[in-house]
Amino acid sequence: MLLICLTVLGCGLLAYSNGANDNFKGVATLFGSGTTNYKGALIWATITTFAGSLCSVVLAGELVRNFSGKGLVSDNLAGAPEFLLSVVCGAGLTVLFATLLGFPISTTHSITGALAGAGFAAVGTQMNFSKLGISFFIPLLLTPLIAVLTGVAVYLLFRYARIKFGIEKEFCICVGESKKQYIPVIKSDGVFLAPASGLPVLILDKIENCEQRYSGVLF
């Protein structure tokens, strides 16, 4: 009973350290780009992470079975409280210490390492290394490459759509308090700014409004 209680606490430690390390990663661009403030980004992260955890119950059954340790070691050992306690504590403490020290770390990699370490400590070379490679190492090596290729493809697609629909970038120069639109005009006696008339414009605006923008209509 004590081991079961400790295992539950270990799961709580792993969940806490995982949240501290990973929760903001998915919304870092929302905060970094100024799309939302820090509190708003945290709210989005919490909502989407919770939704993902609910979806995983239905969609990630095979993943859950892999991370149970079954197949790496015998089913009896994989279900033993001592083994589970070792895995959750090893993974949780690894992520927690990395977070406190400011090191980047993957919780998935930490759990994989904890499974491999606990399994090797328990059964030595009798651990199923083939299962470890096929179900863990190869996917962990391939998924970053797949993510990069997918990201490039999606970026090129949206970039093509932006150009196709005539959505262009705009910049502004922040000078003083008033907002006026001018275009540079070159004459024999120098360059001056003239009021815009349907041509590319130079915008003078407040510093808080000085940002890259897009003009045009997608649909």
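The largest nonpolar core of this predicted model contains 17 residues, and those with the most contacts inside it are Leu 72, Val 73, Phe 83, Val 87, Leu 115 and Leu 132. A nonpolar core is here a set of buried Ala, Val, Leu, Ile, Met, Phe, Trp, Tyr and Cys residues joined through side-chain atoms within 4.5 Å. Buried means under 20% relative accessible area, exposed means over 50%, and partly exposed covers the range in between, with a 1.4 Å probe and protein chains only. Two or more core residues come from each of α5 (75-78), α6, α7 and α8. Helix α7 gives the most, with five residues.

Leaving out residues up to four places away in sequence, Phe 83 touches Ser 68, Val 73, Leu 77, Ala 78, Leu 115, Ala 118 and Gly 119; a contact requires heavy atoms within 4.5 Å.

The model is a prediction, in which local features need pLDDT of at least 70 and side-chain atom pairs count only at pLDDT 80 or more, whereas totals for chains, interfaces and linings use all residues. Residues are numbered from 1 along each chain as its sequence is written, and side-chain values use heavy atoms, with hydrogens and water left out.

The protein chain as a whole has eight helices and six strands. Read from the N terminus, the order is α-α-α-α-α-α-α-α-β-β-β-β-β-β. These elements are DSSP runs numbered from the N terminus, with helices (H or I) of at least four residues and strands (E) of at least two. Of the 219 residues in the chain, 24% are buried. Among contacts between residues at least 6 apart in sequence, 62% join residues at least 24 apart.

Two residues show such separations along the chain. Leu 85 lies in helix α6 and is classed as buried because its relative accessible area is 16%. Beyond its neighbours within four places in sequence, Leu 85 is in contact with Leu 3, Leu 6 and Thr 7. The C-alpha atoms of Leu 85 and Val 8 are separated by 8.3 Å, although these residues are 77 residues apart along the chain. Gly 12 belongs to helix α1 and has a relative accessible area of 37%, so it counts as partly exposed. Its C-alpha atom is separated by 8.7 Å from that of Gly 92, 80 residues apart along the chain.

The largest pocket has a volume of about 1200 Å³. A pocket is an open set of points on a 1 Å grid over the protein atoms alone, where a 1.4 Å probe fits and protein lies on both sides within 12 Å along at least five of seven lines; lining residues have an atom within 4 Å of a point. Grid points are joined across faces, edges and corners, and the volume is the space filled by probe spheres set on them. Of the 32 lining residues, Asn 18, Leu 63, Phe 67, Thr 107 and Ile 111 are the closest to the pocket centre. Helices α1 (2-22), α3 (38-59), α4 (61-66), α6 (81-101), α7 (107-123) and α8 (129-164) each give two or more residues to the lining, and α1 has the largest share, six residues. The lining divides into 16 nonpolar, 15 polar and one charged residue. In this division Ala, Val, Leu, Ile, Met, Phe, Trp, Tyr, Cys and Pro are nonpolar, Asp, Glu, Lys and Arg are charged, and the others, including Gly, are polar.

The cysteines complete the description. The structure holds zero disulfides, a disulfide being a pair of cysteine sulfur atoms within 2.5 Å. For Cys 11, the nearest cysteine sulfur is that of Cys 89, 8.7 Å away. Cys 11 is partly exposed because its relative accessibility is 40%.
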